[in-house]
Amino acid sequence: MNRPANSVLLIEDESKIRRFLRAGFELQGYSVIEAENATDGLKAATFSAPDLIILDLNLPDLHGSEVLERIRSWSNVPVIILSIVSSEDEKVRLLQAGADDYVVKPFGMAELLARSEAALRRYFKSATENPVVVAGPLSVDLVTRTVSLNKQPIRLTRKEYRLLHILATHIGLVVTHDQLLKDIWSGNQRDNIQYLRILVRKLRQKIETDPNRPRLLVTESGVGYRLQARLEDIAADSPPEILK
Amino acid sequence: MLTEQPIAASLVPIAYLVPVIIAATRWGIWPATLASIVSMAEADFFFFPPIFSFQVDDPQEVIDLLLFLVVALVSSNLASRLRQETETLRQRERDIQNLYDFSRRLAACFTVSELVSAIDNYLAQTLGQPAVFFAARSDGQLEQPKSGPVPKAVRESVTSAIAAAGNSVRSVIDASTQNVWLLRVVSSETAILGLVAVNIGAGSTDTLAIKTHRVEAILEEVSLTLQRIDIEKAMEDARLRLQAQLLRDAFHGTLSHELRTPLATIRGSASVLDSVPVIQKDERARSLVEAITDEVAELDGFIQSLLNATRVTAGGVTPHLEWTDPRDILNAAIKARARRLVAHKIETELADDLPLVNVDSGLIEESCGQLLENAAKYSPSGSTIVVSARRKQNDVVLSISDQGVGITVDEQPHLGRRLFRSQRHQASIPGSGLGFWIASIFVGANGGTIDITSPGQGLGATASITLPGSAMKQYELTGTTHE
């Protein structure tokens, strides 16, 4: 497969981490731009117009969230956050501020690549593209609103479909509770996360092989949910296939 | 000689006033009176004719002698009164000095025990009588004083004085010695610290009243000092808490950053290596990369435990509660520890009717993770670990059972203590002894309980976390009617 390389901008002050990120991305055919502080990062984001930005939160000159805010003021380029602290509140804050996803250090390259691909796919998806989202054995046709599992159509209630629809349009990316609650129950029950939990439980019963060990609709503790593009390996972190 | 005699005779009595004045200023009125009479007698005997006899010829001289006696008595009276005044002034000055010293000592008191010894010292010094202090224990009972015998009557009224908890001074008379004891409860604004009992001895009502007044003044001062100590203690506590907080933040921020950044590099680099075709083809190289990844996961888990432990020690576990599906918690815990559970078979038994739980999912996940890790550590590879969740009325019980070494009766009470590790495994199984301790504190912070049961040594163990569940109706949890 011969395709023009996607460019990724790494804004990260630790040179050793930049080194393995560069190697990891280059192995997958990305072209890499590096910036070791926020100032350089913001310049590179403007002038090099990368397709994807990997942003470390802990930068010497400016906090990552500030950098994210500035980028978001003029661009929709996908941004994935790297951070050491893993407080749920902070994750939610960053996602609400416009981050596409986050990865907590220490992490495996496979995880970051999967998130990157998902963010890029969403960013580049146009209306003319195939409206069918495929997640492992599950396929969701966003136009005809039909859902099938292993090619067998399944029936969902209106709310179940709404939930699946939001997750499918963000396939591979985390969607926060707030966003889901807002989109599904626009009115009175917005704050009631219990209803969301129950709705997820019901949807899982219809789409998961084992609803007790979900591998498609996975929970991000304290943050939200994610629809996996591939069936999640329970042992986690298997290396991705090498793209040629 | 003759011409001089009348002068001498009239001067002599005046010379004899000297010992009278001395006696009056030194020893008081009665010795001075005695001195006056003796002086008069001596003057008569040695100087008034006929000499060497107590007889006096001249009636004029009789009058002289009597005058001398009157003068001597009056001046001795005046001198002794002067002496008394001086003495009182001196005593007052001493008292003031003592009280001043006492306040200075009180100002230097920073703990209650220092204060007690200052009170004891001062009372013994000013009253010459011992004071005893009954310190209050946390259960409200009084400790018996270490020093000095206390009569039974006093002991008895001590209990009632504490029960009344008033700030007034009460007096008790010890029947056997007729000594009067003053009792006063010493308390700060927040708590009763104890009771001071002072033996002020026996005496007339007036002297006792004076002493009582003095003791009261002292104890008033003591109460003020106690309040100051209380405030200072609160400030000190706040300062310590702040320090602990700063230390914790430093540990969480800096140390976690310093330790995790290199780990992130190692982990990330290994994962990149793992995806390189040359290495993927080489089984030996792959296993090395895997070993690196596993060890990093181990180290990262250990750092997490340390961070958790500092969080707990600094008193900073404030759960962020949110309604959560207990299944999600268990699955996340299993997934996070997946690499360390590869040698075991994991079976999950999750009931269909599980209510939601209102917990901090991060904390409970961490607790389950610790229990899973323990299960894996203390059971042979290849054995099964059963992870289950079931409903018990409105509660949810999460259990992790292993087929491992089990727990002996001796070990049972020590579980949950920080750094406890059984002697049986110290050498054979690595660990910090923090895991279960952290788990139990995290679960406790979420309003849950944790316990471990084991049928005995070598028969495995089951750790269970019980969490209060949602009171939502059954059909709401599992039904399909909800739209």
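User: How do you know that two strands pair?

Analyst: Two strands pair if DSSP finds at least two bridges between them; strands are DSSP E runs of at least two residues, and helices are H or I runs of at least four, numbered from the N terminus. This is a predicted model, with local features needing pLDDT of at least 70. Residues are numbered from 1 along each chain as its sequence is written.

User: What makes strand 2 and strand 3 of chain B a pair?

Analyst: Strand 2 (residues 170-173) and strand 3 of chain B share four bridges, against the required at least two, so they pair, in the antiparallel sense. Arg170(B), for one, has Leu183(B) in strand 3 of chain B as its bridge partner. In this hairpin, six residues sit between the strands, and Gln178(B) there takes a positive phi near 65 degrees.

User: Why is helix 9 of chain B called oblique to helix 10 of chain B?

Analyst: Helix 9 (residues 326-336) and helix 10 (residues 361-377) of chain B pack at about 50 degrees, with their axes 8 Å apart. Angles under 35 degrees are roughly parallel, over 145 roughly antiparallel, 65 to 115 roughly perpendicular, and the rest oblique. That's why helix 9 of chain B counts as oblique to helix 10 of chain B.

How values were computed. Chains lettered and ligands numbered in written order. Predicted model: local features only at pLDDT ≥ 70, side-chain atom pairs only at ≥ 80, totals over all residues. Axes fitted to C-alpha atoms, helices over the stretch in contact; angles between N-to-C directions.
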